[in-house]
Amino acid sequence: MDKITSQDQLKELQESIAAKRDPDKTCITICAGTGCLAYGTQKLIDSFQEEIVKRNLQDTVELRTSGCHGFCERGPIVVIFPKKIFYQRVGLDDAPEILEKTIGNGEIIERLLYENPVNGEKLTFEDDVPFYNKQMRLLLAQNPEIDPKSFDDYISNGGYQALAKAIGSMTPESVIQEIIDADLRGRGGGGFPAGWKWDATRKAEGDVKYVICNADEGDPGAYMDRSLLEGNPHSILEGMLIGAFAIGSTEGYIYVRNEYPLAVENTELAIAKAREIGLLGKNIMGSDFNFDIKIVRGGGAFVCGESSALFASIEGRSGEPRAKYVHATDKGLYDKPTTLNNVETWANVPLIIDRGSAWYQSIGTEGSKGTKIFALVGKINNTGLVEVPMGTTLREIIFDIGGGIPDGRTFKAVQTGGPSGGCIPAEHLDTKVDFDELTKLGSMMGSGGMIVMDDRNCMVDVARYFLSFLEEESCGKCTPCREGVHQMRLILDRICAGEGKEGDIDTLEWMGQAIADGSLCALGGSAPSPVLSTIRYFRDEYEAHIRDKKCPAGVCKALITYTINADCTGCRLCVKPCPTQAITGEKKQLHVIDQDKCIQCGACYEVCKDNAVTVA
Amino acid sequence: MENTIKSIIDKYEGDKGFLVPVLQDVQKELNYLPREALDLVSSILEVPISYIFEVATFYKAFSLDPRGRIQMQLCKGTACHVRGVPLIIDHVERELNIKEGETTENLEYTFETVNCLGACALGPIMVVNGEYHGQMNIAKTSRLLKKLAKESEKSEEGKS
Ligand SMILES: Cc1cc2nc3c(=O)[nH]c(=O)nc-3n(C[C@H](O)[C@H](O)[C@H](O)COP(=O)(O)O)c2cc1C
Ligand code: SF4
Ligand code: FES
């Protein structure tokens, strides 16, 4: 293909691709995001490919492998365009049947349809599925519609038009003004206005300026950045290109977690293609704007998501943060003016330039505009990626979209903000989710992880989990974080082991405050949040551990006993899994657990089909 | 080994800034970072060995010890944690008689925990030599370990 040297040429290219495509042609789209691939979807893809050839359907049926559709709970997912027939939990050898019945005879396969859990109704079309139709998908909209490895797919969906608009008919200043007017706030956690950052970097002195995309996604329970980069890499490149044009930068980096090989692969391909076609490199679209992007893989350290640590890591050093009296916009990577934004922040940019700040302003709340993608995970029926306008309530997200709590259990708390965030209890389910409201509740937006917990989750244990995560991830540079988090974790260990003392809660509280105040970077600064927020809302649970030596949720091993109740049918299912042979009893008779032998491994609880094992 | 490392470093044009990717690639080739390899990287890239150690020990992705033939990675991300991963960790540790992060003496198994693999819907997730096993619990872990033990016995027999 020739290089694109003008806005008109891009338009022509788009039209020529569109002309070759028939929007009414049947297209079988298979989700090939990391989640679905983990179900073994590659086998399904291969079998579709084979069967299509075998049945000589190449001319009438198109096969597309796309990025993550978001409804990971129901994978493998197959959507048949143009009607968007929605098949879920598709078997790995269902391809022949789908081709035979649905493609061949227009027959719907009942078994593969999604059943509305509320009324048992089988839903045929994706647009009818509540998980999707209650969302507002702007950033994720294209994921199911394009093959991330196909440049043509992105172009035919209007790709790079926003870049063309920026270069062709806007000045760098007016692009920045548009982003400022849109009130785009950073999606990586802090919520800092992106436009201001761009403006400061543009105005900073220096001939070399950097633009960086933060795809380190360290929050252990969030994966929207991965899905965007993996499913629609060109949209991130386009965002960065627009940013670089506005800022006056010629070099960009994408810093991506090493654990995301597919994201790296797809992004590398996208960069190569963009170079080939002249969208990266010199004189982009015939202008005097030059820009190129390199990918850097992270080394698996949470702290490297922090801006100054990230710069250190790109420079090949170990990722230790530095004090923030110098702004990255003045001295960032290699001490040059730098703009660092999160993947999702970059993904918003082409939309804003394309549709204008007034449109963007119309979505969201007073202080938080646009949509936000959440990774809805944990004890939730519909695990997946959910994109909603800012201001949607927790209840809508968890119950209307997420389908509530599985196994008839009750909602206890939702954890937002990752290791820097906090747990929000049921009484605040009607909170409208945006940057400011979550902060008021003692949690934060963070990158958008939303971990739902039920009555079988212990809040002390969850707090301890985050602390030990942060203890491991602390870079160790400053004492409050390195030693303080460790000491807090030891106290929590004691509490969970049944050795809590009166006064422990107070100690945790003042220590947490001291760590927050005294740490150099935000890792230490927010490390105590999971503890402080659980104390705030679940103090009684801490007290139960300390005073009554009980774990009400039945999690902390030292404080629980497993017993078998009268519902036991003597089925013997639990006898063999018990690693210490603690369970005895005749067939069809009530069984008993020898408490001296029991090591609280939970194996019996897990296998019992009659709810006859009780934990208390 | 020397040639392997030379060719990796060549790929990055001998640029010191690419130390982390160089080490990543070396580990991919050799399964871990042996001392000789680090010495070679040090002399070819002309960076002090102390500096390489600092970087290699800072980042979790690097291992300075040999790793087992069967590599088990259990996701310890938040979503998996709240779905009962701690019980599975205890179980694997008990069965293999090693702690999380360790390798069995016979170099058969390495058991590691990792942070979110981005497939939370399938949590708890165990990855064995790259293959995903979803919705793990204690019973399924037992079965998986038994199967692996059987396979490793077979391969032992094959060798002798
Ligand atoms: C310990 C720590 C870890 C962080 N991890 C990430 C991360 O994984 N991804 C991210 O985008 N931002 C992360 N951040 C926030 C970044 O420092 C930075 O604020 C952000 O990338 C800026 O982009 P934004 O304004 O678009 O959000 C982290 C911050 C801290 C203190
Ligand atoms: S607060 Fe923690 S992570 Fe941040 S610089 Fe200090 S020790 Fe390192
Ligand atoms: S927390 Fe285990 S896959 Fe996300």
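Select Lys557(A) and Asp90(B) first: in this predicted model, their side chains meet in a salt bridge, with 2.5 Å from N to O. Three salt bridges are counted between chain B and chain A. Polar contacts between chain B and chain A come to 20 residue pairs, both residues at pLDDT 80 or more.

Next, colour the helices of chain B that face chain A. The elements giving two or more residues to that side are α2 (19–30), α4 (49–58), α5 (78–82), α6 (85–96) and α7 (138–159). Of these, α2(B) provides the largest share, five residues. By class, the side of chain B that touches chain A has 21 nonpolar, eight polar and seven charged residues.

Now show the whole interface. Here 36 residues of chain B are in contact with 53 residues of chain A. The two chains bury about 3,700 Å² between them, and 55% of that lies on carbon and sulfur atoms. Pick out Phe58(B), Thr78(B) and Val82(B), which supply 16% of the area that chain B buries against chain A, more than any other three residues.

Last, go to Phe469(A), in helix α18 (residues 459–473) of chain A. Is Phe469(A) buried or exposed? Phe469(A) counts as buried because its relative accessibility is 7%, below the 20% cut-off. Leaving aside residues up to four places away in sequence, Phe469(A) touches Gly218(A), Pro220(A), Phe302(A) and Pro419(A), along with Asn115(B) from the other chain. For a distance check, select Ser47(A): Ser47(A) and Phe469(A) are 422 residues apart in sequence and 41 Å apart in space, C-alpha to C-alpha.

Conventions. Residues numbered from 1 in each chain as written. Chains lettered and ligands numbered in written order. Predicted model: local features only at pLDDT ≥ 70, side-chain atom pairs only at ≥ 80, totals over all residues. Heavy atoms only, no water. Helix = DSSP H or I, 4+ residues; strand = E, 2+ residues; numbered from the N terminus. Buried < 20%, exposed > 50% of the residue type's maximum accessible area, 1.4 Å probe, protein only. Contact = heavy atoms within 4.5 Å. Buried area = accessible area lost by both parts, 1.4 Å probe. Salt bridge = Lys/Arg side-chain N within 4 Å of Asp/Glu carboxyl O. Polar contact = N/O pair within 3.5 Å; in protein donor to acceptor, adjacent residues only side chain to side chain. Nonpolar A, V, L, I, M, F, W, Y, C, P; charged D, E, K, R; others polar.
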